[in-house]
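Here's a quick report on the model below. Have a look at the fold and the metal site as you read.

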Amino acid sequence: MPPARRANIGRRTRNANDVALLRRSQTADERAQANASQRERNARNRFVNPVPVLNLARPSRIRRAVLAEMMRAAFNYNSQIDYSMYGYIGMMDAICPHCDAANFRGETPGMCCANGKVRLPALETPPEPLYSFIFGTSQASKHFLSHIQQYNSAFQMTSFGATKIIRDNFMPTFKIQGQIYHQAGSLLPYPDADHQFLQIYFIGDENRELDQRCAIVSNTRREIIRELQRFFHQHNALVQLFKIALDRMPTDNRKIVIRADRTPFGEHARRFNAFKVKHFTFVV
Ligand SMILES: [Zn+2]
């Protein structure tokens, strides 16, 4: 059986009646003025707001249509749209009884930890001197926390890259297109090049390593960088792993041969296909 037709279908909604009454009470000049300002508002909204603004006072049929348009709007996020106009989703005050994660009321229960099935180990307390720098109350700690990005840059092991990086003039942000990657490079620099990124860890002289790090970043304190540098050499598993690799393979004069036609006995042939990309990485 077909659904019953709604009595107010078409233009006989309360809103349409209100607008018709308002128009009848306007003079021709007033109507032209109202139309002009409405056109201007529409043009502005089309530029700033590609999606229509939800008017909660409108009938529910229209509200449902607008909410449908907002579905998956996060995938086309536009910082110029005030999304709070489309509805308030509340505070993150639904606390998971299993993992204490803060969720929104409307979120699917169990999204955070699959209802207690996923249990992550507690975060370990960082060793000294990192602990005092992060949780301390000293002047050095305050300075470290307010310049943490610079200290992070002084110790970064890889450089960030992307297929295409789009920068607008005078904007501190940038857009990326395509694939992003982190480039590690070789453990040792070319003969006429400076040590960079991961290579700085392998200069082999504490003071020269320190000089190089201090030259990269400004607004940092040499003593703090020295303490962190010792900390990385002592505690960082990657630095220690690469040191072992460097001891075993002190030059880059190695030849790596890939025999894609030789599949190990008992293994699936497709697991050992030849590479189709030009660049790949070996972790020793
Ligand atoms: Zn949970």
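Predicted model: local features only at pLDDT ≥ 70, side-chain atom pairs only at ≥ 80, totals over all residues.

## Fold order

Going along the sequence, the protein chain runs α-α-α-β-β-α-α-α-β-β-α-α-α. That comes to nine helices and four strands, where helices (H or I, at least four residues) and strands (E, at least two) are DSSP runs numbered from the N terminus.

Residues are numbered from 1 along each chain as its sequence is written, and side-chain values use heavy atoms, with hydrogens and water left out.

## Burial and surface

Of the 284 residues in the protein chain, 19% are buried (under 20% relative accessible area; exposed is over 50%, partly exposed in between, with a 1.4 Å probe and protein chains only). The chain exposes about 23,300 Å², and carbon and sulfur atoms supply 54% of that (Shrake-Rupley method, 1.4 Å probe; for residues, only the protein chains shown count as cover).

## Zinc site

The zinc ion takes its protein donors from C96, C99, C112 and C113, each through SG, at 2.3 to 2.4 Å (donors are N, O and S atoms within 2.8 Å of the metal, or 3.2 Å for Na, K and Ca; water is not among the atoms, so sites may look incomplete). Their spacing along the chain is C-x2-C-x12-C-C.

C113 counts as buried because its relative accessibility is 3%, whereas C99, at 36%, counts as partly exposed.
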